[in-house]
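I opened the notebook to look up a few features of this structure. The entries below follow the order in which I checked them.

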Amino acid sequence: MRRLRRGLLDPRPLRVSTDFRRLWASGLVSGLAAQMSVVAVLFQVWDLTRSPVWVGTIGLVQAVPMIVLGLLGGAVADALDRRDVVVRTTALQALVAAGLAVQAALDVGSLALVLGLVALQSGAAALGAPARRTFVKRLLPAHLLAAGVALHMIGFQAAMMAGPALGGLTIAAAGIGACYALNAASFLVALWAAYLLPPMPPEGARGAAGQEDRMAADAAEGGGDKPTGAPQPRRRLRHRVRAVLASLADGIRLTVRRPVLRGSFAVDLAATLLAFPVALFPMINELRFGGDPTTLGLFLSAVAVGGLLAGVASGLVTRSAHLGWIQLGAAVVWGAALAGFGLAGPLWLALTFLAVAGAADTTSVTSRAAMVQLDTEDRMLGRVSSVEHVIGIAGPDLGNFRAGVVAGLWSPAVAAFSGGVLCVVAVVAVGLTHPQLARFRVQGQRP
């Protein structure tokens, strides 16, 4: 019985921290509405274009601001109060979600407007995400850190399981505007939870802000770079840009230099760039299952069902000392399951493969996130988290673009099957070239 309990989800983080509990609950609400909005965007773009390439382009317009502002968000998180960063970026996301609701209610029918608002919302999320990712380490003791990550994952998977299905039903009953409006309201809940957190300035270093202050002081005293006749605001802007770039470079260098971080991120890239399937869902739904929006929601919900089941059994991951092996194995299962999805004919078989893929994804992401937190000191955590966020979010977006292009050139079945096979091959290659990842051990954790 004790062994069984150790394999189940560890709820202790919810008991020991009120702030974590509030943050987790608000994330569940906003995640549910966000998944409804994902279905709305997919459905609206497909309805406007009837093109898998344009549906795949949703991923591209999300990935570009995600990469640029996600990396910038890491420098911001290591320079400013992290709570304030999250509060402001969440407020911006609420405004953009309201804009999506308005354009749907007015039936504008502009693909450019929809994609532009999606890109703006992606950028706001990317700017605040690195700061948000540091909250777990600040709110929980080290021995509960992996359990806190697992709780966030199961909350996300629960939202993903119910959200797409609710999104499909809501579109059928009330239209896409209702999904967007609920998403805007959910951001207000997330904003309230972030506002109630204690101040969270970065520890151990002043980061980009400190570099900027020192450069500005040098310029004011006549030292360093002081071009004759240059206006003071121009010099300060140049120093600010140089400080941010230097801060970003520090985070990227650390990620590249540490084989555990480098290998873990490479595994995630292999899984998302090569095998992410969501852009294929509308076309597969149309070709095989009549284009019913309810079925489209079931595809996403099936992924979440598997993820939720993996989350319930996440104690097997969070109490394990061998997180590297777990991530490698889960990524292989993810690729194999999506290859099977590409070949599946009956709906029940397709949903089964997607559920297996969802379980593998949750296991892989939980192990990766825990390793990043454990292998990175707090003063660098914002910048390393920004790299993690860019890979974890922009990777799927670019993977969706790849899937849409391949489906447009050949078929969605070819796109899904080939991506899954390539994913398995790439993950095995990463494991062979990064033995430190497989050997990663959580200190003090019983195997």
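Does Ser26 count as buried or exposed, and at what relative accessibility? I find Ser26 at 3% relative accessibility, so Ser26 counts as buried (under 20% relative accessible area, with exposed over 50% and partly exposed in between, using a 1.4 Å probe and protein chains only).

I note that this is a predicted model, in which local features need pLDDT of at least 70 and side-chain atom pairs count only at pLDDT 80 or more, while totals for chains, interfaces and linings use all residues. Residues are numbered from 1 along each chain as its sequence is written, and side-chain values use heavy atoms, with hydrogens and water left out.

I placed Ser26 in helix H3, residues 18-49 (helices are DSSP runs of H or I with at least four residues, strands are runs of E with at least two, and both are numbered from the N terminus). Leaving aside residues up to four places away in sequence, I see Ser26 touching Val189, Ala190 and Ala193 (contact means heavy atoms within 4.5 Å).

For the whole protein I recorded 20 helices and zero strands, and 53% of the 447 residues count as buried.

I then turned to helix H18 (residues 378-409) and helix H19 (residues 412-433), which pack at about 130° with their axes 7 Å apart (axes are lines fitted to C-alpha atoms over the stretch in contact, and angles run from 0 to 180 degrees between N-to-C directions). That angle makes H18 oblique to H19, because angles under 35 degrees count as roughly parallel, over 145 as roughly antiparallel, 65 to 115 as roughly perpendicular and the rest as oblique. In this pair, Arg402, Ala403, Val406 and Ala407 of H18 meet Pro412, Val414, Ala415, Ser418 and Gly419 of H19.
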